[in-house]
Amino acid sequence: MKRYQDRHGKWRNYHRATGKAIKAEYGTAAFAAEVAELDGVVAKKPPAPNGTLKGVMDEYKKTPAFADLAMATRSGYERYFEIAKPLHDVPIKSIDSAGLSVIRDKVAMKRGRRTANYMLSVLSVLFGFAIERKYVTQNPAFFVKRAKRDKSKPKANRPWSLAERHVVLAAAPPHLKVPVALAMFTGVRKRDALTLRKDAIKGGRIETSKTGEEIFIRIHPELAAILASVPQHTAPTIAATSRGTPWTESGFNSVWDKFTDKLEAEGKVRTGLTIHGLRHTLGGHLADAGCDLDTIRRVLGQKTLTMAQLYSERAKKEAATKDAMERIDLLGSRSTNSDEIVYPPN
């Protein structure tokens, strides 16, 4: 089992082989019984044939390298391993870049290019492990190009317009307005907007962390007004469902999709409105306001300056073109020298 202390000081226990949380109190008889039951689940699984992709996957999942990954990362690996199911029974030595490219295209058509590309990345890790064990001599995933975005389609997670921000906040019911407002005014990701706890609010600011980076965000007055205007609930999270219970991501997605579909049908918002788009919106506004790259990075909880640089570059481009347009006088309307003005003939 794996045991660690979360950021709130609470001890959490997980069964390494299955990745499942152990709910019983540590050290009790119930705890031992739960571990034994999970061990039994693992023992009942039939072993995969040696030499197949599935066999190598199962071997990799028993290594310390896999066990030491974060729970969310292991869960992601499991998901993308499953997406590659058409290859599970194929001998790993016979899998080449041509075969992977066919699977890539099928997954991209059915599940989207991001899923296809993530699957290739996870398979690349698996082939790296296979090379170490001398099952194969090269990594075919390395030679497969990643699926590209269809440029005819709108970019994902586009920034929201000012009108869209007003429309959504005005139309959203209280249980939907709170997570939207959290994302809008703090730039946190959707999952964080749904799971931020009430005790993260301290002295007029929100304190949290992301990928090891501590985040301290002063609560904007308009966010404070929204939080004060909605009915109180007993859930430990700031945001809660209409029943006063913590959101699940799937539950939120269902409610959000129905809500935005209605607004789109009424012509009040454009297509492609996502919660993550609010992160881009805030990043752009911080850059427009003249915030330096490090400030933008800190507000958004980013370890690197890459995205902050993109926001800043966009702001610089807009400022430069605005300044250029204000300088030119193509029709001579601001000229004081009449000799420079060429009038049209009568």
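1. Of the 346 residues of the protein, 36% count as buried, where buried means under 20% relative accessible area, exposed means over 50%, and partly exposed lies in between (1.4 Å probe, protein chains only). The model is a predicted one, in which local features need pLDDT of at least 70 and side-chain atom pairs count only at pLDDT 80 or more, whereas totals for chains, interfaces and linings use all residues. Residues are numbered from 1 along each chain as its sequence is written, and side-chain values use heavy atoms, with hydrogens and water left out.

2. On secondary structure, the protein has 14 helices and five strands; both are DSSP runs numbered from the N terminus, with helices taken as H or I of at least four residues and strands as E of at least two. As for contacts (heavy atoms within 4.5 Å), residues 24 or more positions apart account for 57% of those in the protein with a separation of 6 or more.

3. Helix H7, residues 162-171, packs with helix H8, residues 174-186, at an angle of about 150 degrees, and their axes are 9 Å apart. The axes are lines fitted to C-alpha atoms, for helices over the stretch in contact, and the angles run from 0 to 180 degrees between N-to-C directions. H7 and H8 are therefore roughly antiparallel to each other, given that angles over 145 degrees count as roughly antiparallel, under 35 as roughly parallel, 65 to 115 as roughly perpendicular and the rest as oblique. The crossing of H7 and H8 is left-handed, a term that applies if the near helix is turned anticlockwise from the far one by less than a right angle, with right-handed used if the turn is clockwise. On the H7 side the contact is made by Arg165, Val168 and Leu169, and on the H8 side by Lys177, Val180 and Met184. By class, the contact of H7 with H8 has four nonpolar, no polar and two charged residues; here Ala, Val, Leu, Ile, Met, Phe, Trp, Tyr, Cys and Pro count as nonpolar, Asp, Glu, Lys and Arg as charged, and the others, Gly among them, as polar.

4. H8 also packs with H10, at an angle of about 170 degrees and with the axes 10 Å apart, and H8 and H10 are therefore roughly antiparallel to each other. In this pairing Lys177, Val178, Ala181, Leu182, Phe185 and Thr186 of H8 meet Glu222, Leu223, Ile226 and Leu227 of H10. Sorted by class, the contact of H8 with H10 has seven nonpolar, one polar and two charged residues. Lys177 of H8 takes part in the contact with H7 and also in the contact with H10.

5. A search of the whole structure finds 13 salt bridges, each defined as a side-chain nitrogen of Lys or Arg within 4 Å of a carboxyl oxygen of Asp or Glu. Side chains of opposite charge can pair when their charged atoms come close.

6. Glu266 deserves a separate point. Its side chain meets that of Lys262 in a salt bridge of 2.6 Å, N to O, and that of Lys268 in a salt bridge of 3.3 Å, N to O. Glu266 is partly exposed, with a relative accessible area of 38%, while Lys262 is exposed at 51% and Lys268 counts as partly exposed at 46%. Elsewhere, salt bridges that share partners join Lys54, Asp58, Lys61 and Glu78 into one network.

7. Two loop residues may be checked in the model. Thr234 is found in the loop between helix H10 (221-229) and helix H11 (249-265), and Thr234 is exposed, with a relative accessible area of 78%. Leaving aside neighbours within four places in sequence, Thr234 is in contact with Lys198 and Gly244. Lys134 lies in the loop between helix H6 (113-132) and H7 and counts as exposed at 75% relative accessibility; its phi is near 65 degrees, a positive value in a residue other than glycine.

8. Val35, in helix H1 (residues 29-44), is buried, with a relative accessible area of 18%. Leaving aside neighbours within four places in sequence, Val35 is in contact with His15 and Ile22.
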